[in-house]
Every structure is written in structure tokens, then in C-alpha cells.
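Biologist: Hello! Could you walk me through this protein, one question at a time?

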Amino acid sequence: MKSDVEDLMPRLLPMDSVDPLTPLNLDGPPRNPQEYLRQVQLEAALYPEVAVAQIDPKKLKKKQTINISVAECHAAPAGFSPSLEWQQRQVSNFSDVRQSITKNRQRWSCHSLDDNVLMPTQEDEEGWKKFCLGQQLFQDLSSSNTGAEEGLDYSKVGFPPLLTIVSRLNQSTVLTVLDILISWFEEGDFIPQLGQWVYALLACLEKPLLPEAHSSIRQLARRCAQLRSNLASQDDDSLPALNLLICLVGRYFEQNDLADQPE
């Protein structure tokens, strides 16, 4: 008797009538299309219509999902967080910058770079750190090596995120460089070059964000909040920059749980 499944499924490869008494060798290769289909049919008949997996509960217990607690964002000390009006103004200014970059990207990317601007390849992590933050930060070069009479050496202090540079970066490179800088920031202190580059890369980051971009910018906001919570004074030069980055992540990129709330 045909099963219900066989009644519902059309025969895509109709078979010619075959004498069921004709011997068929399942071990040898088929000699013609009809014999091949007959072999498939007989092999299928050897398996039950419904298969039940035998699961050992003890083995499943060892492979349960592990819940990892995620550190919360450090709350700002009293008087260190910006007002809501300030945050809204920064978001508006940032939106204008993004629109300008989108509008003029092609024109800026056509401008030639100076001979000393040698951009690293996308995968060159150390190269991007030195390009953005400067060799001086990693090689502990003395300030005497960059005397005023020799002019400003960007290879030592880091190249600024000029529009002619950032407009050349595709989305994959933007996210890669942002990840590199945020990873360095996790262990390092806040420096002006880092703030400038992170701001520029965020301005080039297209929405909707990819999942990995969400993770990176949340990591950035948490690190900024951590450093802010350790500042000794509201007059610290890094406070406005830290507040700005937290604001952009929380307000513009809609990571609302990380945004500073009005006091």
C-alpha cells in the first residue's frame, strides 16, 4: 500500500514497469537508468518512514549555553554628564557632518594625497595604529626628534583624519580601523588623536549598523564611561571628548541604555 507521502508527492522520474521477480544486484553499478531508479527505490524501502533520534540527556547537559554577564556602563559622577540639550545639539551637528561626507565623498576621494601619506592595507593592524596615533606613541620617541625646525612629522604624531583620507575608506575598512582603535583604547588612555579618528570613522559608518559594529561602538561607550568615572576634576581636558563619544553612541546610534540621562 502506498503511504500518504507517496500519494502527495508527484513522481518526477516515472519508471517503466519492471518484473518484480527480475533479480537486481544492489552491490554492483546500475546498467541503465531504470535499474538505477529501481536500486534507489529498494534502498529507500529499507529505511523506516519515521526516524527517531536517540538522545542522551547527560551529554546535552554538558553542552548547555553559558550565560556571561556583561559589565554595565559606569554611571557618570555628579556634575560630569552633559545636559540633554547639549547632547541633542551634538547629535544635530554630527548628523550634518555625516550628510556632508556622504554628499562630497566622491569629490574628496579624487584629491591626490601627499607623498608622505602611505595608507596601510586593511589587515595591517599595527600599521593603522601607527598611521592614526603616530609611531611616537609605540616607539617612545623623544619629542626632541620632532623639532620645530624640521616641521611636523605626521608619521611620528599620527596623520589626522583628513577628508581626503577617510573618504577613500570603504565600509569594511572603516569598521576594521574602528575595531583596531577601540581595541587599543581598551588598554590605553584617551588621547586627542584617538578621539579625532573615532569621531571621523563614526561619521563614515553607514546605518543600519552591522552586528559587529553594534558591539564595537558599545565597547567604545563603556570604555569612555569607565575613564570618565575616574576623572578627578570636571576641568579635565578629556571630559568633553568622552561625553561626546558616549553621546553619539547612545543618542545617534540609538544605544539608549548607554546614553547619559538628564540629572
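Modeller: Happy to! This is a predicted model, where local features need pLDDT of at least 70 and side-chain atom pairs count only at pLDDT 80 or more, while totals for chains, interfaces and linings use all residues. Residues are numbered from 1 along each chain as its sequence is written, and side-chain values use heavy atoms, with hydrogens and water left out.

Biologist: How many helices and strands does the protein have?

Modeller: Helices (H or I, at least four residues) and strands (E, at least two) are DSSP runs, numbered from the N terminus. Reading from the N terminus on, the elements run α-α-α-α-α-α-α-α-α-α-α-α. The count is twelve helices and zero strands.

Biologist: What percentage of the residues in the protein is buried?

Modeller: Buried means under 20% relative accessible area, exposed means over 50%, and partly exposed lies in between (1.4 Å probe, protein chains only). Of the 263 residues in the protein, the buried share is 33%.

Biologist: What share of the contacts with a separation of 6 or more comes from residues 24 or more positions apart?

Modeller: A contact means heavy atoms within 4.5 Å. Among contacts in the protein with a separation of 6 or more, residues 24 or more positions apart account for 71%.

Biologist: How far does helix 9 reach from its first C-alpha to its last?

Modeller: Helix 9 covers residues 171-187, which is 17 residues. The expected span is 1.5 Å times one less than the number of residues. For helix 9 that expectation is 24 Å, and the model comes close to it with 25 Å.

Biologist: Which helices do the buried residues of helix 9 pack against?

Modeller: The buried residues of helix 9 include Val174, Leu178, Ile182 and Phe185. An α-helix has 3.6 residues a turn, so residues three or four places apart point the same way. The packing partners of the buried residues in helix 9 are helix 5 (125-133), helix 6 (135-139), helix 10 (192-204), helix 11 (211-229) and helix 12 (239-252).

Biologist: Is Ile180 buried or exposed?

Modeller: Ile180 is in helix 9. Not counting residues up to four places away in sequence, Ile180 touches Glu125, Trp128 and Lys129. Because its relative accessibility is 7%, Ile180 counts as buried.

Biologist: How many nonpolar, polar and charged residues are in the contact of helix 9 with helix 10?

Modeller: Residues of helix 9 including Val174, Leu181 and Trp184 meet residues of helix 10, among them Leu194, Trp197 and Cys204. Ala, Val, Leu, Ile, Met, Phe, Trp, Tyr, Cys and Pro count as nonpolar, Asp, Glu, Lys and Arg as charged, and the others, Gly among them, as polar. By these classes, the contact of helix 9 with helix 10 has twelve nonpolar, one polar and no charged residues.

Biologist: At roughly what angle do the axes of helix 11 and helix 12 cross?

Modeller: Axes are lines fitted to C-alpha atoms, for helices over the stretch in contact, and angles run from 0 to 180 degrees between N-to-C directions. The axes of helix 11 and helix 12 come within 9 Å. Their contact has eleven nonpolar, one polar and two charged residues. The crossing angle is roughly 145°.

Biologist: Which residues does Trp86 touch, leaving out those up to four places away in sequence?

Modeller: Trp86 lies in helix 4, and it counts as partly exposed because its relative accessibility is 21%. The C-alpha atoms of Trp86 and Asn243 are 157 residues apart along the chain, yet separated by 10.0 Å. Trp86 touches Pro240, Asn243, Leu244 and Cys247.

Biologist: How many disulfides does the structure hold?

Modeller: A disulfide is a covalent bond between the sulfur atoms of two cysteines. Here it is a pair of cysteine sulfur atoms within 2.5 Å. The number in the structure is zero.

Biologist: What is the phi of Glu254?

Modeller: Glu254 is in the segment after helix 12. With a relative accessible area of 54%, Glu254 is exposed. Although Glu254 is not a glycine, its phi is positive, at about 60°.
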